[in-house]
Amino acid sequence: MIIEVRPKGIDKGQIAIEYSEGADFVLAIGDDTTDEAMFEALPNNAWTIKVRPGETAARFQVQDVPDVYRLLRKLIDQD
């Protein structure tokens with residue numbers, strides 16, 4: 001069960017846009033339905049990743065959290 005507390009009319013998509021303005025690289029990773037607004041709101045060049053199978057607005061999907069860790073390690077190891 002997920003309980004999300006936020007101001008009325010605000011969602012993760014609006015916050016993601018605000019915090020990503022002017023960023024050279026945007027990576028958004030989420031694992032539940034509340035993350036879909038974020039995936040939909042971010043621009044097409046953002047790396048949006050859904051953790052777990054299923055329908056999503058994210059550009060990419062991984063199976064589980066260990067996959068996320070492997071991906072992040074690969075990004076860190078890039079020179």
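## Exercises on a predicted chain

Ile 2 lies in the segment before helix H1 (12-20), where helices (H or I, at least four residues) and strands (E, at least two) are DSSP runs numbered from the N terminus. The model is a predicted one, in which local features need pLDDT of at least 70 and side-chain atom pairs count only at pLDDT 80 or more, while totals for chains, interfaces and linings use all residues. Residues are numbered from 1 along each chain as its sequence is written, and side-chain values use heavy atoms, with hydrogens and water left out.

**Exercise 1.** Determine which residues Ile 2 is in contact with, leaving aside its neighbours within four places in sequence.

*Solution.* Begin with the criterion, by which contact means heavy atoms within 4.5 Å. Applied to Ile 2 with those neighbours left aside, it gives Asp 32 and Thr 34.

**Exercise 2.** Count the aromatic pairs and classify the one formed by Trp 47 and Phe 60.

*Solution.* A pair of aromatic rings is described by the distance of the centres and the angle of the planes. Rings of Phe, Tyr and Trp (its six-membered ring) pair if their centres lie within 6.5 Å, and planes under 30 degrees apart count as stacked, over 60 as edge-to-face and the rest as tilted. By this rule the count is two aromatic pairs. Trp 47 and Phe 60 form a tilted pair, with 5.8 Å centre to centre and 50° between the planes. This pair links distant parts of the chain, as Trp 47 is in strand E2 (residues 47-51) and Phe 60 in strand E3 (residues 60-62), 13 residues apart. Finally, Phe 25, Trp 47 and Phe 60 form one aromatic cluster.

**Exercise 3.** Explain why Trp 47, Phe 60 and Leu 27 fall into the class partly exposed.

*Solution.* Buried means under 20% relative accessible area and exposed over 50%, with partly exposed in between (1.4 Å probe, protein chains only). Trp 47 is partly exposed because its relative accessible area is 30%, and Phe 60 is partly exposed because its value is 37%. Leu 27, which is placed in strand E1 (residues 27-30), counts as partly exposed because its relative accessibility is 31%. For the chain as a whole, buried residues make up 25% of the 79 residues.

**Exercise 4.** State the order of the elements along the protein chain.

*Solution.* The chain has three helices and three strands, and from the N terminus on they run α-β-α-β-β-α. The C-alpha trace spans about 40 × 35 × 20 Å along its principal axes.
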